[in-house]
Protein chains: 6
Amino acid sequence: MLRRMSSFSGQKLAAVVKELENFAPAKLAEKWDNVGLLIEPHKEKPIKKILLTNDLTEPVMGEALDKNIDLIISYHPPIFRPLTRITQSHWKERVVAACLANNVALYSPHTAWDKTFGGVNDWLSKAVAIQSIRPLEPELGAPPGTGSGRFIETDQTIRQLVESLQKHIQTSVHLALAVSHTPDTVIKTVGICAGSGGSLLKGFEADLIITGEMSHHELLEFNHNDTTVLLCNHSNSERGFLKEFSPKLSDLLKGECEILVSEKDKDPLVTVTNADTICDLSQKAQQ
Amino acid sequence: MLRRMSSFSGQKLAAVVKELENFAPAKLAEKWDNVGLLIEPHKEKPIKKILLTNDLTEPVMGEALDKNIDLIISYHPPIFRPLTRITQSHWKERVVAACLANNVALYSPHTAWDKTFGGVNDWLSKAVAIQSIRPLEPELGAPPGTGSGRFIETDQTIRQLVESLQKHIQTSVHLALAVSHTPDTVIKTVGICAGSGGSLLKGFEADLIITGEMSHHELLEFNHNDTTVLLCNHSNSERGFLKEFSPKLSDLLKGECEILVSEKDKDPLVTVTNADTICDLSQKAQQ
Amino acid sequence: MLRRMSSFSGQKLAAVVKELENFAPAKLAEKWDNVGLLIEPHKEKPIKKILLTNDLTEPVMGEALDKNIDLIISYHPPIFRPLTRITQSHWKERVVAACLANNVALYSPHTAWDKTFGGVNDWLSKAVAIQSIRPLEPELGAPPGTGSGRFIETDQTIRQLVESLQKHIQTSVHLALAVSHTPDTVIKTVGICAGSGGSLLKGFEADLIITGEMSHHELLEFNHNDTTVLLCNHSNSERGFLKEFSPKLSDLLKGECEILVSEKDKDPLVTVTNADTICDLSQKAQQ
Amino acid sequence: MLRRMSSFSGQKLAAVVKELENFAPAKLAEKWDNVGLLIEPHKEKPIKKILLTNDLTEPVMGEALDKNIDLIISYHPPIFRPLTRITQSHWKERVVAACLANNVALYSPHTAWDKTFGGVNDWLSKAVAIQSIRPLEPELGAPPGTGSGRFIETDQTIRQLVESLQKHIQTSVHLALAVSHTPDTVIKTVGICAGSGGSLLKGFEADLIITGEMSHHELLEFNHNDTTVLLCNHSNSERGFLKEFSPKLSDLLKGECEILVSEKDKDPLVTVTNADTICDLSQKAQQ
Amino acid sequence: MLRRMSSFSGQKLAAVVKELENFAPAKLAEKWDNVGLLIEPHKEKPIKKILLTNDLTEPVMGEALDKNIDLIISYHPPIFRPLTRITQSHWKERVVAACLANNVALYSPHTAWDKTFGGVNDWLSKAVAIQSIRPLEPELGAPPGTGSGRFIETDQTIRQLVESLQKHIQTSVHLALAVSHTPDTVIKTVGICAGSGGSLLKGFEADLIITGEMSHHELLEFNHNDTTVLLCNHSNSERGFLKEFSPKLSDLLKGECEILVSEKDKDPLVTVTNADTICDLSQKAQQ
Amino acid sequence: MLRRMSSFSGQKLAAVVKELENFAPAKLAEKWDNVGLLIEPHKEKPIKKILLTNDLTEPVMGEALDKNIDLIISYHPPIFRPLTRITQSHWKERVVAACLANNVALYSPHTAWDKTFGGVNDWLSKAVAIQSIRPLEPELGAPPGTGSGRFIETDQTIRQLVESLQKHIQTSVHLALAVSHTPDTVIKTVGICAGSGGSLLKGFEADLIITGEMSHHELLEFNHNDTTVLLCNHSNSERGFLKEFSPKLSDLLKGECEILVSEKDKDPLVTVTNADTICDLSQKAQQ
């Protein structure tokens with residue numbers, strides 16, 4: 001009954017989608033991606049409460065139902081491999097069924113948010129002392145600053161960059177030093193790619209790369225080409241953007257919708273550096 | 001409120017699915033097909049009312065909701081091309097959303113029913129005075145009589161076969177006479193393929209073929225190879241099986257579920273032979 | 001000996017082909033098609049007698065030999081799947097051998113006639129009270145009015161369109177009413193595609209479609225998207241053009257060739273609405 | 001008129017084909033090949049005169065018409081790339097049209113003759129002093145001695161093999177000496193492949209190879225792997241078999257058909273070793 | 001000059017390769033892999049000194065030259081993508097050129113060592129208290145215990161497994177807890193896959209998985225299917241085997257060769273948990 | 001020791017490569033080709049002695065080592081199929097190992113030299129009395145005269161062309177006369193393609209073609225389309241260019257490098273016209 005008493009007037013789903021598309025048009029997304037409005041409930045109702053999450057895991061789905069959410073915005077698309085059925089035997093089908101059974105809409109922006117100006121890669125770039133910034137692959141026919149990845153000019157040591165990245169993502173980072181570098185090497189150019197950077201950055205030349213995850217053989221390749229790599233874990237290179245986007249979305253919707261950032265959403269991985277710390281770390285993992 | 005008063009005790013969805021699989025195992029289906037339990041509601045409830053339909057069109061979906069159906073068995077799978085999203089802009093996505101929003105389960109047997117002994121092709125074969133019958137392509141490792149299509153030995157004229165097929169499917173049929181045949185040619189061998197027979201029957205040799213639909217160039221090929229073809233329209237070669245299956249399913253479920261055959265389900269096509277009849281025919285089309 | 005006494009002076013084969021190409025250039029045809037001069041006899045002789053047919057079946061081939069035809073123009077290409085041999089065991093190879101053994105040339109226009117202005121689709125369009133007409137897919141670099149399919153603006157009820165189509169093709173038609181339509185729905189836009197319209201018209205939006213044949217699943221798709229479909233049977237959506245083209249071709253050839261339309265050419269299918277009519281219908285099928 | 005007076009009674013085409021299939025069944029041929037009866041005339045007539053040729057060039061076709069041939073047996077299939085039309089603009093189409101216009105049948109054995117025991121490869125092997133012989137790739141389920149290529153044990157110098165091959169094919173040969181060989185190297189093992197041996201013989205190990213043609217890079221590969229190669233020119237490695245087969249075929253047909261070996265058939269290439277010889281060589285080319 | 005004074009008599013390269021193949025035959029390797037003797041010097045010389053490494057990086061190559069190594073055994077194949085040239089512009093080509101210019105042989109076992117009994121996966125399995133062990137995919141026709149991955153039955157808490165894995169690989173580990181697990185959940189079944197486990201383990205069911213690296217989306221999939229994942233970093237899941245193999249190889253070669261384990265070989269990644277530790281960690285990275 | 005006393009000062013490898021690229025840029029080469037600097041030694045040293053060869057066979061490699069060559073320029077790329085290993089069991093791997101073990105660089109131009117103005121095809125064209133000349137397929141964005149093959153206008157008999165080609169390549173040629181030609185036919189247009197001309201020249205129309213090698217079926221095709229073909233053997237259509245290029249390269253390198261043309265390089269094939277000549281011919285083959 002609490003739900004009815006919401007002080008938010010809400011907006012039509014179509015109106016919310018329109019604002020999201022204004023921020024980052026679905027057509028920006030990669031061809032292989034699956035973005036936009038992925039689930040539209042059978043019965044129309046006003047969107048009063050919106051939940052932002054990086055991954056729509058089942059704990060996050062539970063949180064959405066507990067909080068009477070009308071629309072979930074999940075950065076990663078919960079439907080990626082197309083569905084041939086919707087049963088209770090796979091978690092992604094359960095999530096889809098839960099949305100439709102409870103009249104919850106689902107929107108996913110993914111690579112459209114990666115490319116848009118002021119999106120996920122621009123947020124990740126703030127870990128660096130930026131002297132200049134531009135997309136790695138500028139998007140043709142889009143506003144300046146739009147495109148895949150970011151290329152930054154800076155003037156910091158690796159030691160400084162590790163520290164400022166730790167602060168920005170608020171957790172530990174993984175360092176793969178170039179064969180020719182030391183922690184005190186001064187970095188002039190940085191490549192940024194939120195998420196899994198291996199395929200976009202292939203063959204890319206910069207002094208240092210910040211991305212979410214990268215395979216062993218990709219790391220050896222970069223380290224032999226004078227490029228140090230900093231890894232955040234995949235979703236830690238993306239999730240922080242949600243806190244930044246939350247008030248922006250509230251404004252775009254003229255304060256008529258309540259915007260929440262998921263409390264259950266987190267990266268699946270924690271690094272356990274010695275046996276003593278596992279209790280604390282894993283308690284964090286259980287939140 | 002009527003629903004609660006149902007005199008049927010119902011069965012668990014898993015139990016109903018088990019009986020359907022006993023009748024025609026999903027593994028019988030063609031590799032390219034998408035059969036079995038396609039939609040399983042988020043909340044479990046007993047299956048008291050089951051609706052049988054050939055195609056799950058939106059009129060049939062409306063009928064299912066009006067009649068408080070718990071499980072729809074649709075011969076053709078409503079999800080065939082895999083889904084990347086479930087919105088209100090395409091009828092098949094609307095049907096999926098309607099099922100999930102109303103806790104209606106969906107099961108689809110398709111080619112498993114085609115192949116099983118006592119299934120759709122055996123029903124269609126009853127239009128012929130059978131002297132012997134066997135599958136066109138017997139299924140390895142399955143009970144005798146199981147397989148794709150049927151091959152029948154008989155001894156009837158084309159004229160007789162047209163008449164008996166008209167009675168069996170209760171509507172008009174389409175005749176493509178072989179170059180070497182007349183209506184009084186005696187037919188010794190008949191090939192049966194419910195639905196669209198062109199690819200299964202390619203290169204097949206028989207005096208006459210009964211199927212649902214076939215392309216112009218396939219017809220010319222058969223007619224030049226001494227094979228007359230009788231077409232029923234696609235779903236008219238399949239739908240009649242539902243009336244035969246309905247009491248059989250009731251028995252399999254020990255009378256604990258109510259089984260209905262859709263009143264809205266029909267072939268999309270009606271043949272208009274002259275302008276006078278269009279009113280009547282199209283009224284039928286509107287039922 | 002009759003042949004020698006023909007009052008027609010005839011033309012060279014190359015000259016006839018040139019006029020046919022002027023009417024509809026082979027380059028207009030689809031890439032997958034096989035059009036133009038398909039058989040050129042070993043010995044040159046003047047073309048005095050031309051037979052027009054929709055399909056070069058063996059009865060039509062027999063007619064051509066009986067009538068001492070010099071050139072057959074078959075709308076559908078008798079050679080479509082390329083030939084690895086020419087024997088007497090397959091009807092299409094027999095037709096090719098018969099042409100070459102009897103010095104009969106063969107020309108096939110197919111999709112070039114579909115696209116050309118004044119061709120097959122324009123003929124089929126005459127079933128509709130046209131307010132405006134244009135190709136569905138205009139051909140780049142070709143004269144106005146050239147292209148695949150036709151898009152027509154009109155203002156008729158479905159009932160009226162069924163009647164006028166019946167008159168135009170002079171046989172029965174098959175009607176698949178849109179979910180949202182009745183026979184009295186007023187149609188504003190019509191899509192035309194002679195032959196098999198499923199792939200060209202996929203996703204196409206109009207109130208009504210007239211084509212030759214279409215599969216069950218294509219019909220359901222259109223009927224759920226507010227589009228009624230009228231089917232003629234494949235070749236009935238094409239054949240009537242030959243009667244219209246016959247005098248036009250005679251003029252193009254300055255009356256120097258005799259132009260016949262085949263009497264044996266017919267659609268393979270007849271609809272048998274009840275048992276009483278089969279004699280009449282099948283007698284027609286035997287002509 | 002001469003033709004009528006033939007003293008040969010002839011046989012039915014089907015009977016001749018049956019004998020040819022007994023000698024070398026069509027199913028022996030490679031999957032990619034196109035063998036067997038390739039042209040069957042529209043009107044049946046007895047086969048009295050048969051012409052054997054390696055290639056059915058237009059000079060050979062002219063010879064066949066001049067000599068009133070009823071059946072051409074062409075080792076290489078004149079139809080290889082499937083035909084989409086049969087006009088007068090390409091020589092292979094002209095040949096097909098000439099056969100059909102003149103009621104000449106055409107049979108082609110190609111790789112069936114290569115593989116059969118007593119066929120083309122066995123004929124070519126006779127250039128070697130054979131100690132033992134077996135197919136390179138024996139054919140499963142076929143009589144002993146059947147299969148692709150031949151593997152021979154011998155004990156001759158390269159010098160001797162060049163001389164005996166020259167005598168056997170009655171023209172010059174081309175020699176590519178292995179890096180490790182001299183003309184007096186004794187050869188113990190020989191690989192035989194009539195025609196173009198590169199793909200069958202790839203990776204094959206023998207002291208010497210005899211084939212028709214082979215590319216530069218294939219030769220370098222063999223010469224570095226201790227294998228000397230002798231080339232005959234493609235058709236010179238095949239044609240000689242026809243003279244051997246001619247009386248054998250006459251016997252198979254009980255002397256009821258006249259068997260001719262083409263006088264116009266020849267390898268397209270002649271080697272001009274110095275300017276003086278061109279007149280003679282080219283006169284040979286003009287026969 | 002030191003080199004000459006070696007007290008090891010050495011063995012022929014072919015003899016060393018034979019022993020390596022006895023331990024783990026090259027044919028065990030995956031089809032896509034590139035294993036066995038990858039570089040064989042132009043001039044033969046005895047193999048006296050062998051260097052074992054997980055990855056043949058340039059620092060390791062430098063170490064090999066400094067130590068006058070005759071044969072490098074690199075677990076990962078330094079030639080994986082085939083080479084079209086060998087220049088100084090890419091590190092892998094430089095490594096190949098350095099080997100050949102200095103007469104250093106190179107052998108790589110990769111997936112042959114993964115599968116063999118007593119190989120890399122068996123070494124990694126020792127982190128677990130094993131009750132029973134068998135390959136995930138046993139190799140047909142190979143000795144028992146041979147195959148891809150390992151499946152272990154045990155009875156330990158996640159907390160215990162993390163600790164014992166840390167001790168076994170002697171560095172930190174990364175933990176992705178299943179949605180249904182806590183650190184005190186008792187694990188009954190463990191899947192082991194050295195290196196990158198995502199593709200081998202896809203769809204695999206166990207309580208816990210130990211592997212080198214795995215992508216974010218693979219982790220979410222496992223964590224929703226009741227499987228906790230422990231990651232070591234790719235090469236830390238493999239490298240420890242070298243120390244175990246070194247004395248075994250010395251024995252296989254009867255003590256005639258000196259076996260060294262590389263001191264420069266290390267995983268490219270170090271985890272930096274806070275800014276204070278970077279000096280120490282990165283110094284380690286510089287060894 | 002002789003080597004040190006060389007009177008040539010030499011140039012850096014990069015400088016030599018730059019001059020070779022100026023003459024024929026690597027980007028001119030076909031996409032499927034593998035050209036440019038293929039082997040760069042591990043240790044840098046001045047390039048004083050350069051060996052030109054058409055094919056880098058093992059006899060030529062031996063010659064290079066005997067003569068202390070620093071850089072081999074091999075027209076055909078010795079690495080074409082990419083290498084997965086470099087052992088002593090295949091001759092091409094042995095050649096690569098020999099280069100790297102002896103600090104010999106390797107450069108290969110192949111189709112870049114074919115296309116460049118003044119390259120291999122222009123050299124081969126000199127066998128014809130040229131009235132006009134242009135590339136068969138001009139290269140877009142390249143200097144005039146650059147492109148694949150050459151098209152020449154002339155006015156010579158076939159007899160004259162055979163003679164002048166014999167003189168130009170200094171060995172025998174192979175002649176395939178068009179069906180419509182005699183040795184005295186006057187040739188107006190000539191197509192030139194060094195090497196293997198079949199695929200580039202497919203469908204090409206000219207009175208005569210000069211190329212290195214061509215298959216039997218390609219020859220029959222050209223001979224029926226009024227085109228006579230002259231074959232040189234593959235490498236004889238290319239090798240003569242090296243003698244022409246040698247002084248040109250010396251000039252490009254300002255006389256600072258010694259340029260040799262290989263004495264061991266030769267076409268693998270010799271034609272043996274009768275048994276008497278084999279001694280002489282094969283002695284030539286043994287040089």
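A: Start with a term. A polar contact is a pair of N or O atoms within 3.5 Å, where, within protein, one atom must be able to donate a hydrogen and the other to accept it. Residues adjacent in sequence count only if both atoms are side-chain atoms. Keep in mind that this is a predicted model.

Take chain B and chain C. Across their interface, 18 residue pairs are in polar contact, both residues at pLDDT 80 or more. Salt bridges across the interface of chain B and chain C number zero. The contact involves 49 residues from chain B and 49 residues from chain C.

Now the area. The size of an interface is often given as the accessible area lost when the parts come together. For chain B and chain C, about 4200 Å² is buried between them. Carbon and sulfur atoms account for 64% of that area. Three residues stand out on the chain B side: His216(B), His224(B) and Pro268(B). They supply 16% of the area that chain B buries against chain C, more than any other three residues.

Which elements build the chain B side? With chain C as the partner, salt bridges across the interface are zero. The elements of chain B that give two or more residues to the side touching chain C are α2 (58–66), α3 (91–101), α6 (158–169), β7 (173–176), α8 (216–224), β12 (269–272) and α10 (278–286). The largest share comes from α8(B), with seven residues. By class, the side of chain B that touches chain C holds 21 nonpolar, 20 polar and eight charged residues.

Strands also pair across this boundary. β7(B) and strand β12 (residues 269–272) of chain C run antiparallel, and four bridges join them.

How do the two copies relate? Chain B can be laid on chain C by a turn of 180° and a shift of 0.0 Å along the axis, with an RMSD of 0.1 Å. The copies meet through the same surface, because 100% of the interface residues of chain B are also interface residues in chain C.

Next, chain E and chain A. Here 50 residues of chain E are in contact with 49 residues of chain A. The buried area is about 4200 Å², and carbon and sulfur atoms give 64% of it. On the chain E side, His216(E), His224(E) and Pro268(E) lose the most area to chain A. Together they make up 15% of what that side buries.

The polar links follow. Between chain E and chain A there are zero salt bridges. The interface of chain E and chain A has 18 residue pairs in polar contact, both residues at pLDDT 80 or more. Several elements of chain E each supply at least two residues to the side that touches chain A, among them α2 (58–66), α6 (158–169), β7 (173–176) and α10 (278–286). α8(E) gives the most, with seven residues. The side of chain E that touches chain A has 21 nonpolar, 20 polar and nine charged residues.

Strand β12 (residues 269–272) of chain A pairs with β7(E) in the antiparallel sense, over four bridges. Within β7(E), Val173(E) is the bridge partner of Val272(A).

Where are salt bridges found? Over all chains, the count comes to 66. One of them joins the side chains of Lys115(B) and Glu139(B), at 3.1 Å from N to O. Lys115(B) lies in helix α4 (residues 111–115) of chain B, and Glu139(B) in the loop between β5 (132–138) and β6 (147–157), so the pair ties together parts 24 residues apart in sequence.

Some chains do not touch. No contact joins chain A and chain D, and their closest C-alpha atoms lie 34 Å apart. Chain C and chain F do not touch either, with their nearest C-alpha atoms 17 Å apart.

Definitions and conventions. Residues numbered from 1 in each chain as written. Chains lettered and ligands numbered in written order. Predicted model: local features only at pLDDT ≥ 70, side-chain atom pairs only at ≥ 80, totals over all residues. Heavy atoms only, no water. Contact = heavy atoms within 4.5 Å. Buried area = accessible area lost by both parts, 1.4 Å probe. Salt bridge = Lys/Arg side-chain N within 4 Å of Asp/Glu carboxyl O. Nonpolar A, V, L, I, M, F, W, Y, C, P; charged D, E, K, R; others polar. Pairing = 2+ DSSP bridges. Least-squares fit on C-alpha atoms with pLDDT ≥ 70 in both.
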